Amino acid sequence: MLDKLLDNGTTAAGTGVTFIPSVFGAPHLVSVHAPGWQPVVQYSVAQPDTAGPVPMDVVARRLQALAHPLRLRLVRTLARGPRTTGERAVEGELTAPQVSRHLATLRRAGLLTAVRRGRYVHYEPDSRATASLGADLLDAVLR
């Protein structure tokens, strides 16, 4: 019996099983079976990690940047969609120069990306850096 078959069972006798590796299903194992059809199992494979481990000083810089309540609020707001410095200043109780300084700190920590669109710069969280922050911390501490 496989995950996603719930209470059902299947057999591969005479028909075999098709295994499909995928980088999109992590961490799930998906199996599909219908009467008269060959069972299919989709399993996740690890994506190659070409970046290597993140140094402890980078992890510390990222955590220090997020320790400030205004910067944490900025990242949370930017996670909802890219914004310019001016747009973010209008939304909150900060001035544009204050927002700019906090965004610069977050960029130096590697937590934000900036995309220029005409004369405006739109900021958004670096999804890879923010998603792996906890794992990077554990890796840096345990190495």
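**Salt bridges and their surroundings**

Modeller: Arg88 and Glu91 are separated by about one helical turn, because they stand three residues apart in helix H3 (residues 85–91). Helices (H or I, at least four residues) and strands (E, at least two) are DSSP runs numbered from the N terminus. This is a predicted model, in which local features need pLDDT of at least 70 and side-chain atom pairs count only at pLDDT 80 or more, while totals for chains, interfaces and linings use all residues. Residues are numbered from 1 along each chain as its sequence is written, and side-chain values use heavy atoms, with hydrogens and water left out.

The side chains of Arg88 and Glu91 form a salt bridge with an N to O distance of 3.9 Å; the term requires a side-chain nitrogen of Lys or Arg within 4 Å of a carboxyl oxygen of Asp or Glu. Side chains of opposite charge can pair when their charged atoms come close. Arg88 counts as buried because its relative accessibility is 7%, whereas Glu91, at 43%, is partly exposed. The classes are buried (under 20% relative accessible area), exposed (over 50%) and partly exposed (in between), with a 1.4 Å probe and protein chains only. Salt bridges that share partners also bring in Arg83, so that Arg83, Arg88 and Glu91 form one network.

By this rule there are four salt bridges in the model. One of them joins Asp57 to Arg61, with 3.7 Å between the closest N and O atoms. Both residues belong to helix H1 (residues 56–67), four residues apart, or about one turn of the helix. Arg61 is partly exposed because its relative accessibility is 35%.

Two strands pair if DSSP finds at least two bridges between them. E2 and E3 run antiparallel and are joined by three bridges; Val30 stands opposite Gln42 in E3.

Strand E3 (residues 40–44) also contains Val41, which is buried because its relative accessible area is 5%. The C-alpha atom of Val41 is 8.5 Å from that of Pro21, 20 residues away along the chain. Phe19, by contrast, is exposed, because its relative accessible area is 54%; Phe19 lies in strand E1 (residues 18–22).

Phe19 belongs to a nonpolar surface patch with Val17, Val23, Leu29, Tyr43 and Val45, which together have about 450 Å² of accessible area. Patches are made of residues with over 30% relative accessible area and no salt bridge, like charges being joined within 9 Å and nonpolar side chains (Val, Leu, Ile, Met, Phe, Trp, Tyr) within 5 Å. Accessible areas come from the Shrake-Rupley method with a 1.4 Å probe, and for residues only the protein chains shown count as cover.
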